[in-house]
Amino acid sequence: MTLPRKWITEPITNASQALSGKVTGVWVSQNSGSPGSDGATLRVRGFGTLNNTNPLILIDGVEGNLNELNPSDIASMTVLKDAASSAIYGSRAANGVVLVTTKKGSYDSPSQLSYNGYYGVQKLGRRFDIIDNSAEFMGIWNKAVANNGGDPLFPQEVISAFENGTDPFLYPNTNFFDEVFTTAPIQEHNVSVKGGSERQNYYLSFNYMDQDGIIKETDSKRFGLNLNMNSKVNKWMEIGGTVQATRKITQRPYDEISRVMYLMQNGGYPFTAPYTRDGKFGATQALYLSGPNKGQPIVDTRNPLPDMYNGRTQYANNFIKGSLNATIKFTPELTFKSLYSGQFNNNRRDRFNQLNYAYTDSGIKTSVLDYPSTINNSRTNDEQFYWAFFNTLDFNKTFNEVHNVTAVVGMQVEENQLKNMLSQRSGPPKEGLSEVDAGTFNPLANGNTTEWRMQSYFGRINYNFNEKYLLEANLRADASSRFSAGNRWGFFPAFSAGWRLSEERFLKDFKAIQNLKVRASWGRLGNQNINAIAGDYPYLLSLTQNYGSSYNLGGALVPGAAITALVDRSISWETTESTNIGVDFTMFSGKLNVEMDYFTKKTSDILVRLPIPQILGGVSAPVENVGRMTNKGFETSISYQSRNGDDAFNYRVGGNLTYVTNEVTKFRGGKSPDQLYLIREGYSFQSLYGFKFQGVYQTNEEAKQHMSNNAYTPTAGDLKYEDVNGDGRLDYQDKQSLGNTIPKFTFGLNLGFSYKSWNLDVVTTGAAGVNAFTKSRWAEPLGISGGVITERWRDAWTPENRSNTLPHIKVNDTWNRYESSFWVSNLSYFKIKNIQLSYQLPKKLINSLKMGGISVYANFQNLPAFVSGDYEGFDPERNTFDDGGGLYPIPFISTLGVNLQF
């Protein structure tokens with residue numbers, strides 16, 4: 001399916017977000033709102049492997065990354081999902097292909113200067129509702145201690161002082177969401193010029209984006225330049241080239257946002273003042289008012305602000321990509337094309353910290369929990385160079401006006417090299433000296449180089465008879481340096497056929513039908529993207545030389561080397577077989593368009609590491625071809641567009657729905673270990689696995705009778721779990737599947753309305769049949785040794801409030817915090833991803849200003865989602881493979897923008 005430029009109207013910060021809710025078979029999930037790292041995760045027709053499931057991204061025919069692409073430079077995006085259409089793109093096409101075409105100039109067209117830009121604000125949307133009344137918080141904590149059999153932690157006189165006190169520095173009631181999060185500005189500006197003469201065309205653009213984060217002390221700036229030029233040397237040769245350069249600077253606190261979120265969850269007590277009255281960082285104000293500890297804190301300080309303002313982590317990304325291409329027409333039917341592309345990507349990370357302290361109102365100095373005690377300066381640098389060289393020969397000819405034949409043969413060579421290094425020192429003479437050279441002790445340095453290469457040959461032939469009967473065959477051979485010489489080559493065929501019934505005589509009289517086509521395809525694709533689990537040399541035995549392999553001989557440290565990982569030299573390609581059956585039809589003069597597909601994807605020889613006995617010496621397990629996985633489903637898209645003239649009311653409605661079931665069909669003979677995110681034969685990949693929650697024990701007798709043979713006897717107020725085998729104890733035999741983490745349904749609804757100069761566009765998206773484990777420190781009341789308490793725990797079980805849905809609160813609880821369905825939420829959701837209202841100024845006014853066009857718009861992104869009432873957390877559009885506690889929330893964004901054409 002192709003997404004034209006006119007469907008990419010929203011002011012998005014990352015090109016991957018453009019597909020959300022618009023394309024069948026594609027699950028788009030924006031898992032983070034962090035400036036500079038807010039790209040969406042893309043999954044095409046489910047999860048096809050236990051390894052890297054990212055689709056292949058091709059930008060103007062060359063592998064690339066959507067993070068490096070300015071969304072305003074996109075002309076169109078096409079998603080290839082079945083094997084027949086993807087096969088020619090080779091080894092990494094097993095997880096689907098996203099083809100991106102960037103804007104270009106046109107021959108024989110006047111120069112056109114364009115500007116589009118916007119300014120907006122970002123706010124935190126959905127969040128955890130935490131108790132921020134200090135007296136109430138202390139009272140709940142005291143009840144939790146009592147439920148553990150202990151004495152109250154907070155004396156009543158302290159609670160009373162907070163109930164009656166009004167001084168915000170002495171008796172704070174702090175909600176750290178108000179201190180950590182903020183309303184943040186965002187702006188982006190794009191200037192482009194394009195045009196062409198009889199023999200040359202060009203497109204040049206400049207982009208600048210400045211985005212502050214909704215979490216303070218986070219921001220990102222991006223500068224981009226894109227140049228595309230083509231030239232007709234003569235009637236039979238055309239040459240061209242592109243240059244893209246991007247620089248991005250992203251800043252965060254020293255220990256990243258994860259540390260700030262950790263302290264908010266595991267502390268952030270309301271009785272902690274954010275700041276003292278003289279502007280220092282505040283400490284806990286829950287102090288003893290009498291006795292030998294008078295004036296001392298009752299609990300430690302867990303103010304997240306000293307960490308939020310602790311030093312700096314700065315990421316500097318410099319990306320430059322260039323390409324040269326040539327097209328030679330030997331004859332009208334035979335064309336040769338050649339393309340060389342190289343891209344350099346440099347990522348530098350600088351980190352330095354400082355020593356911040358917190359103070360009580362009385363001046364007692366303290367450190368925040370686990371705050372670093374030394375100053376460390378470090379720099380890491382990753383330098384990557386990737387090049388690719390393509391050559392193709394294309395044939396296109398029609399015989400006897402009805403036999404249409406097109407064919408292409410080609411070869412491709414590509415190489416990727418990555419060099420990385422780290423340098424670090426500690427203890428500069430004073431704070432503020434942030435360079436590594438300023439450190440005085442604990443020097444650390446390391447670095448390495450890895451690389452991989454691919455060589456490929458491919459061919460495709462298409463035949464259609466009178467645009468009625470369609471046949472296609474593909475064959476691709478790929479050789480990867482990640483496999484040994486005898487297993488390096490993989491061969492991947494694909495075939496497809498189509499029948500346009502609308503061209504048959506028996507349908508010619510049905511004027512309502514303009515197009516009706518049935519199609520089927522089968523193909524085999526490969527995958528060798530296993531560097532995340534095995535690096536670039538998984539078949540080679542390698543020696544590791546480091547401190548851990550060195551020895552003390554005679555009082556001196558002698559360098560040593562050791563084999564630390566076993567290998568299987570016979571490993572080869574993962575293989576995905578894909579079958580697709582579909583139908584397309586267009587009716588009512590092109591107003592109604594429908595596409596429907598049924599598909600299966602079977603992946604075999606999945607590369608994984610299986611556990612090995614410790615008797616082998618603690619070495620890492622080898623990577624082996626041992627797994628299998630199946631995805632099955634259907635997808636449909638329906639769109640209707642009125643055609644009532646430019647000045648009349650028009651509308652378009654588009655809906656898409658995808659259903660996918662995933663099953664691991666081979667993995668360790670069904671004997672994989674029990675774990676929360678389960679990988680086991682017969683289950684969906686990373687299904688949730690644990691105990692099933694059945695309510696809350698109302699009496700001790702009920703608990704004792706139910707768990708009659710258990711080592712620990714629960715009490716009234718504890719959770720009740722299903723005893724599957726009825727043996728009166730809770731163990732591994734009672735665990736069961738608790739839900740899917742991969743959505744079974746993904747869908748989108750897109751609406752467009754226009755009247756004269758006004759346009760309204762609405763994009764919605766959603767998922768269903770998906771669950772998430774939500775036992776983060778946000779959701780657990782008081783965590784392990786103290787933490788936040790959300791408002792729902794006001795209804796926790798007590799002898800006076802015998803809830804059957806929430807247990808009583810304990811400190812450092814074990815029984816109630818087992819991995820169970822109590823902590824699993826239905827994450828099905830529906831949300832308005834984007835709304836945009838635009839107005840095109842009258843042509844008469846535009847002509848008087850000697851301009852080509854002026855339009856203004858208001859845009860709103862990430863509006864609140866409709867989600868199950870049992871879900872507690874940030875925006876449900878999130879990663880489903882973790883508890884969601886440490887994520888950077890997706891912001892709600894409001895923008896005003898303008899498009900100008902000169």
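**Figure 1. Overall dimensions of the predicted model.** The radius of gyration of the protein is 31 Å, which agrees with the value near 29 Å that a compact globule of 902 residues would have; the model shown is a predicted one. Along the principal axes, the C-alpha atoms fill a box of roughly 105 × 75 × 70 Å, and the chain is organised into ten helices and 44 strands. Of the 902 residues, 51% count as buried, and among contacts between residues at least 6 apart in sequence, 71% join residues at least 24 apart.

**Figure 2. Close-up of the largest nonpolar core.** This core holds 44 residues, of which Met138, Trp141, Phe154, Phe271, Leu782 and Trp793 touch the most other members. At least two core residues are supplied by each of α2 (134–147), α3 (156–164) and β35 (719–721), and the largest share, seven residues, comes from α2. Leaving aside residues up to four places away in sequence, Trp141 touches Leu153, Phe154, Tyr269, Phe271, Val299, Leu782, Ser785, Gly786 and Val811. A second, separate core has 23 residues, including Phe177, Val180, Val260 and Ala283.

**Figure 3. Close-up of the surroundings of Tyr309.** Tyr309 lies in the loop between α6 (305–308) and β14 (312–329), and because its relative accessible area is 26%, Tyr309 is classed as partly exposed. When residues up to four places away in sequence are not counted, Tyr309 touches Lys216, Glu217, Tyr275, Phe281, Gln354 and Asn356. The C-alpha atom of Tyr309 is separated by 62 Å from that of Gly498, which is 189 residues apart from Tyr309 along the chain.

How values were computed: Residues are numbered from 1 along each chain as its sequence is written. This is a predicted model: local features need pLDDT of at least 70, side-chain atom pairs count only at pLDDT 80 or more; totals for chains, interfaces and linings use all residues. Side-chain values use heavy atoms; hydrogens and water are left out. A nonpolar core is a set of buried Ala, Val, Leu, Ile, Met, Phe, Trp, Tyr and Cys residues joined through side-chain atoms within 4.5 Å. Buried means under 20% relative accessible area, exposed over 50%, partly exposed in between (1.4 Å probe, protein chains only). Helices (H or I, at least four residues) and strands (E, at least two) are DSSP runs, numbered from the N terminus. Contact means heavy atoms within 4.5 Å. The radius of gyration is taken over C-alpha atoms; the globule rule is 2.2 Å times the number of residues to the power 0.38.
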